[in-house]
Amino acid sequence: MDKSDVHRRKKFKVPKPDLNVSTSHTWTIIVVIISFSLSVFFSFITSAAMESLTIFFAFMLLLLIIAVNILFDLVGTAVQSAEEKPFHSLAARKVPGARESISVIRHAPQLANMCCDVIGDIAGIISGATTALIVAELVEMFSLQGMLPSLILTGLVGALTIGGKAMSKGVAMQNGNSIVFIVGKMMYFFKRLRKKR
């Protein structure tokens, strides 16, 4: 190996991916404020709702929170894996939702952060609080003792959430464009609805 080969290898840099995404440093501050506000709001709503719910509906609420967590993680992953190019031809033909899908992909870092991190963490906090309230109710109803009920329910919630997210990751990466297009169509529908009002 001669000196020119060594010199070329040292200078070689991995090129950045050709992505057309918008990033903003102010997003960090915004996301902290949003996270705090939503965490407080939903924790309060959940705690208030749990006081009036039966144990069956409390379990249903817990499953709903887990499902929301998995769904938003699916969307967040899909946004990151989707490609912009296929939507340009659809936008040129004025297909509803195509322009919105392009906008979604171009704001992938913010949307992925919102879906996977903000919503995911808030759902985790709320599901933890809901689990604690359900355990307290079960202990009171059946005169249970020890940490076993809490450990079992917490483990079950964790397994459902992590397992659901693991499954959704593969689905999102294989169907990124289709999922983003669904999001784009929903955005288009709400835009039309707002214009009519």
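Before anything else, a reminder to myself: this is a predicted model.

**Nonpolar patch**

I began with the surface and found a nonpolar patch made of Leu-53, Phe-56, Phe-57, Met-60, Leu-63, Leu-156 and Leu-160, with about 640 Å² of accessible area together. Two elements, helix H3 (55-81) and helix H7 (148-174), each give two or more residues to the patch. Which one gives the largest share? I checked, and H3 does, with four residues.

I also looked up Leu-160 on its own. Leu-160 sits in helix H7 and is partly exposed, at 39% relative accessibility.

**Salt bridges**

How many salt bridges does a search of the whole structure find? I got three, and went through them one at a time.

Lys-169 pairs with Asp-73, and their closest N and O atoms are 2.5 Å apart. Lys-169 is in helix H7 and Asp-73 in helix H3, so this bridge ties together parts 96 residues apart in sequence.

Next I looked at Arg-106 and Glu-84, where the closest N and O atoms are 2.8 Å apart. Arg-106 belongs to helix H5 and Glu-84 to the loop between H3 and H4, so the pair ties together parts that are 22 residues apart in sequence. Glu-84 is buried, with a relative accessible area of 14%, and Arg-106 is partly exposed at 32%.

The remaining entry is Glu-100 with Lys-191, whose closest N and O atoms are 3.6 Å apart. This pair links distant parts of the chain, with Glu-100 in helix H5 and Lys-191 in helix H8 (residues 176-196), 91 residues apart. Here Glu-100 counts as buried, at 8% relative accessibility, and Lys-191 is partly exposed, with 38%.

Last, I went through the backbone angles. Lys-94 has a positive phi of about 60°, although this residue is not a glycine. Where is Lys-94 placed? I found this lysine in the loop between helix H4 (85-92) and helix H5 (98-106).

Conventions. Residues numbered from 1 in each chain as written. Predicted model: local features only at pLDDT ≥ 70, side-chain atom pairs only at ≥ 80, totals over all residues. Heavy atoms only, no water. Patch = residues over 30% accessible without salt bridge, like charges linked within 9 Å, V, L, I, M, F, W, Y side chains within 5 Å. Areas by Shrake-Rupley, 256 points an atom, 1.4 Å probe, with all protein chains shown as cover. Salt bridge = Lys/Arg side-chain N within 4 Å of Asp/Glu carboxyl O. Buried < 20%, exposed > 50% of the residue type's maximum accessible area, 1.4 Å probe, protein only.
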